[in-house]
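I opened this entry to get my bearings in a structure I had not looked at before. My notes follow in the order in which I looked things up.

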Amino acid sequence: MAMLETLDTSSEFATDEVEASLPDPRTGYRAFALGAFKLSRDEYFVRIEWPAKGQTRSHLIPADAFLRATMRDVAWGFFYGWVNFDHVIGTRNHYGKVDLYAGTFNGVLREAGVDYCEQFETPNIMATFKAILRDWTNAGFDPFAAPEETGSAFGPKNGDNIEAIERVRIATKRMPGLPDDSPLRDHLPVNRQFADVVQDEPQIHAAEGFEGRLHAFNLFKYLSRSDVTWNPSVTSVCKASLFCPTTEEFILPVFHGNDRIEWFLQLSDEIIWDIGDKDDGSPRARITMRAGDICAMPADIRHQGYSTKRSMLLVWENATPNLPQRYESGELKPYPADF
Ligand code: PHB
Ligand code: FE
């Protein structure tokens, strides 16, 4: 995950707050309540229900897409700003509290007054999302994996995949491979789509007096061995500057709404990005990024990426405190450069 302020998502905190039904006698899945929201799933779809204008409204999301989005939201500790699961449902991080909303950032639903938003303490919504992932992820389905590298999310309840949804998060302190820091991925296989990536490590020759103070590793090799997709991990930390490289295949399972500027450096292959307005989702731009391209994603947009061939992307995050307030107040412009 790409946050510096780390939330311990591995503990079972607030589990007693989770409101879950007994398993449905036909499908085997539990239903969950979170405030006035109700969430349930069947063989193909997740159904989210909420109250608006005196009626119950509902929205369906395919189960695989929902589990991929929820997995990212949980693993990233609700990330920076907005995590839109699709054009209707999403979360907004207030760093301590989290909004769950339906239609609030969809221009049409908002205009019709059928949107709904409720705020939760982070541990409560986290515990519910984790319980949903546990119950709704079947054996053989890995929400972090590319579709070609995982089994099916569909059908009636069939076992679970706890190992996949509780992967140990990589939280690099300075750089992988340093003593007491995250390991290089020598024990993981090279991904099928990165078979051509050179696996040599750089030689380190420190001048006298600098032994143990100079470090280098082969980032392309490191990324070629990533077993997850669309999961920027903090890989170098220099004050508030976080390099969060990631490997991408198929679709970013969320439309991320930025609360700060992010820079993208395309390290290999190609990603196409759809960019929309952060508040109502109306389309703004489409960008094709090829190896070597650099792009600044403004602070007032949402974006979703598509990568047919597994590719390598460096997401450069700015963890300076109070950035969301500085953009929202207008003190900072939403884009980093004037042309
Ligand atoms: C982003 O929202 O900036 C983002 C999220 C996940 C990725 C890449 C980019 O894998
Ligand atoms: Fe983003």
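The model is a predicted one.

Domains. I checked the domain assignment of the protein chain, which gives domain 1 (15-165) and domain 2 (192-328). Their centres, taken over C-alpha atoms, are 25 Å apart. Domain 1 puts 20 residues into the contact and domain 2 puts in 22. On the domain 1 side, α1 (63-75) and β6 (82-84) each supply at least two residues. α1 gives the most to that side, with 5 residues. I sorted the side of domain 1 that touches domain 2 by class and got 13 nonpolar, 5 polar and 2 charged residues.

Sheet. I traced an open sheet of 5 strands in the order β1-β2-β3-β4-β5, with antiparallel pairing. β1 (19-20) and β5 (55-62) are the edge strands, each pairing on one side only. β1 pairs with β2 (residues 32-34) over 2 bridges, and Ala 20 stands opposite Phe 32 in β2.

Helices on the sheet. I found α1 lying across β3 (37-41), β4 (45-52) and β5, at about 90° to β5. Helix α3 (residues 122-136) lies across β1, β2 and β3, and runs at about 165° to β2.

Definitions and conventions: Residues are numbered from 1 along each chain as its sequence is written. Chains are lettered from A and ligands numbered from 1 in the order in which they are written. This is a predicted model: local features need pLDDT of at least 70, side-chain atom pairs count only at pLDDT 80 or more; totals for chains, interfaces and linings use all residues. Domain bounds come from an automatic or database domain assignment. Two residues are in contact if their C-beta atoms, placed from the backbone, lie within 7 Å. Helices (H or I, at least four residues) and strands (E, at least two) are DSSP runs, numbered from the N terminus. Ala, Val, Leu, Ile, Met, Phe, Trp, Tyr, Cys and Pro count as nonpolar, Asp, Glu, Lys and Arg as charged, and the others, Gly among them, as polar. Two strands pair if DSSP finds at least two bridges between them. Axes are lines fitted to C-alpha atoms, for helices over the stretch in contact, and angles run from 0 to 180 degrees between N-to-C directions.
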